[in-house]
Structure formats: structure tokens, C-alpha cells
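Student: Could we go through this model together, one question at a time? I would like each answer to say what it rests on.

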Amino acid sequence: MLRKKLALAATSVAALVALTACGGSAENTDTEASLDPANPVVVSVGASPVPHAQILEFIDENLAQDAGIDLEITEIEDYQTPNIALADGTLDANYFQTAAYLADQVAQKGYEFEHGAGVHIEPLTAFSKKFANPEEVTEGASVVLNNDPVNQLRGLRVLENGGLLKNLTDEDTVLSIESDAEKNPLGLKFSEVNSEQVPQYYTGDDSVDIAVINGNYIVQAGLDPEEILVQESAENNPNANFLTWRAGEKTAAIEALEELLHSEEVHQFITDTWSDGSVLPATN
């Protein structure tokens, strides 16, 4: 089975474009209602390395051929490149984002995308090496978290759920609350960095008291669950990750992949692989 697996950074979009000739959307124009396992259609998908690419690898190795598709998986570390590459036609689909994040990106950049149902949830988590529980957090403690607006608000909500922040609104950011004694009664000091950099700051900078980290990077960094300060609840969580494709271009192959992502086999793979609850199957 044809497979390519590449690790990309945000600066690698130009390099990714070169892949179009060897499996990108230009070759995936199948319009047939049925697919042939003997002649599988290549689907190029950009995904975060963990857990998204791992889930896709499971599908590619165990389920894809019988469905008549062959996944070409491109691992992408950041949250900008997957949508850029999907919009320019380099990728057929991507798998890394939530509904709130996609809506924000569409509003900002005018992407014309469609998406499937939620596949999995990665609870956003605040970690600390210095405080065992939220009640121990001292005034002026330093917090590092995501700098993109959607995930930043989600991270602030995690801190609010732990009692460290109060009375947040959907418009709040670190700038709006840092000097607001009502919303930030402990006077927490915030730093904003790219999502993939948060665990690096947490593990490498002793001045960081608390870090609010996206679930995929938690798994990737192998962080100690004993250092969890407060975690987002998975119950009724709207932040499931899903497959995304260009509007009007849901081919038979993409539809087949969407179905496999919601198969019982994938549900069980997620449950078994992340038995610690760091990744959970979405319920649709």
C-alpha cells in the first residue's frame, strides 16, 4: 500500500505543495459511488502527530484497503499549515481541529470547508509542578497558555473551572482579565505562546508555575498525570476533533474515510490506546 509520512512545520507549506503530484487532490478526483479494494484511491490527509496521525495510521494499516482507499498521511505540528494546505489543494483533507477553531479560521481567512462528525476529544489540561491542587495556587503565579483566541478562551475556562478565575465571558482574553481583580482574583501572570510550544515552556522553564496544554501535545510530550492541576471535563464537551475537506469536494474516498473514522474498530482503538482518558472517543 502506498504511504508517505512527513513531519512539517508552519514554514513547510511550499515543500508540501510539491507533494501534490504524488498523491494530492489533483489525483483524487474519484466520482464513482463505489471504490475498488484492488485499485485503492489515494487520500492525502494532514494531521497532528498525536493522536490524529496515529488514528489514521491504524485505519491505513487495518481498514483502508478493504474500503478501497490508501491514506497518505502528512504529520503537521502547527495549527495553521493544515488549513492552508487544504485550501490550496495540496491536501484532500485534514484532521486536527474543532468546530470553534474552524469557525474562527473561516471568519478570519474565508476558507470554504466542510467537515464530518466529531471523532475524538482531547481534554484540555492545566499542569503544575509547584501546586498539587488549585487551592494551593499562590498570588501572582505564572501561567503559560495557547495564543490562538479559541483555544486560549478554552484554556481560561479550564482555570475558571478550577476556581482560579471568575465570571469569564466568551470575549475574554488574557489581556482583558490579567488586571481585572474580579475575574483574576489571584493576579495570575499570563504568557501566550504557540500551542505546540506550551509543553516546551512547561518542561524547560522553571519560572512557569502553571501550563494549560492541548491534549494532543500532552500525549506527545509524555507529561506526568500526577502533575495535573485541573482538567477540562469530557462530558458534553463540544470540542471534538473531526475530518475536514474543501466544500463541494467530498469524494467517495473521503466519504469512506469519514465512515472508517466512526467505525467500532476506531472507537475501540482510541479507548484501548489512551486508556488513561487523555483521548476519548466522541459521542455523536
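Student: Which helix holds both Glu160 and Arg157?

Tutor: This is a predicted model, in which local features need pLDDT of at least 70 and side-chain atom pairs count only at pLDDT 80 or more, while totals for chains, interfaces and linings use all residues. Residues are numbered from 1 along each chain as its sequence is written, and side-chain values use heavy atoms, with hydrogens and water left out. Helices (H or I, at least four residues) and strands (E, at least two) are DSSP runs numbered from the N terminus. Glu160 and Arg157 are 3 residues apart, about one turn of the helix, and the element that holds both is helix 6 (residues 149-161).

Student: Is Arg246 buried or exposed?

Tutor: Arg246 forms a salt bridge with Glu249, the closest N and O atoms being 3.0 Å apart. The classes are buried (under 20% relative accessible area), exposed (over 50%) and partly exposed in between, with a 1.4 Å probe and protein chains only. Glu249, at 36%, is therefore partly exposed, whereas Arg246, at 12% relative accessibility, counts as buried.

Student: Which residues touch the most other members of the largest nonpolar core?

Tutor: A nonpolar core is a set of buried Ala, Val, Leu, Ile, Met, Phe, Trp, Tyr and Cys residues joined through side-chain atoms within 4.5 Å. The largest has 30 residues, and its largest share, 6 residues, comes from helix 10. The members that touch the most others are Ile59 and Leu257.

Student: How many of the residues of helix 10 are buried?

Tutor: Helix 10 spans residues 252-261 and is largely enclosed by the rest of the structure. Its buried residues include Ala252, Ile254 and Glu258.

Student: What kind of aromatic pair do Phe96 and Tyr101 form?

Tutor: Rings of Phe, Tyr and Trp (its six-membered ring) pair if their centres lie within 6.5 Å, and planes under 30 degrees apart count as stacked, over 60 as edge-to-face and the rest as tilted. The structure holds 8 such pairs. The rings of Phe96 and Tyr101 have their centres 5.9 Å apart and their planes at 75 degrees, so the pair is edge-to-face.

Student: Which residue has a side chain in polar contact with the side chain of Thr90?

Tutor: Thr90 is in the loop between helix 4 (81-87) and strand 4 (93-97), and at 4% relative accessibility it counts as buried. A polar contact is a pair of N or O atoms within 3.5 Å; within protein, one must be able to donate a hydrogen and the other to accept it, and residues adjacent in sequence count only if both atoms are side-chain atoms. At 2.5 Å, the side-chain partner of Thr90 is Asp88.

Note on methods: A salt bridge is a side-chain nitrogen of Lys or Arg within 4 Å of a carboxyl oxygen of Asp or Glu.
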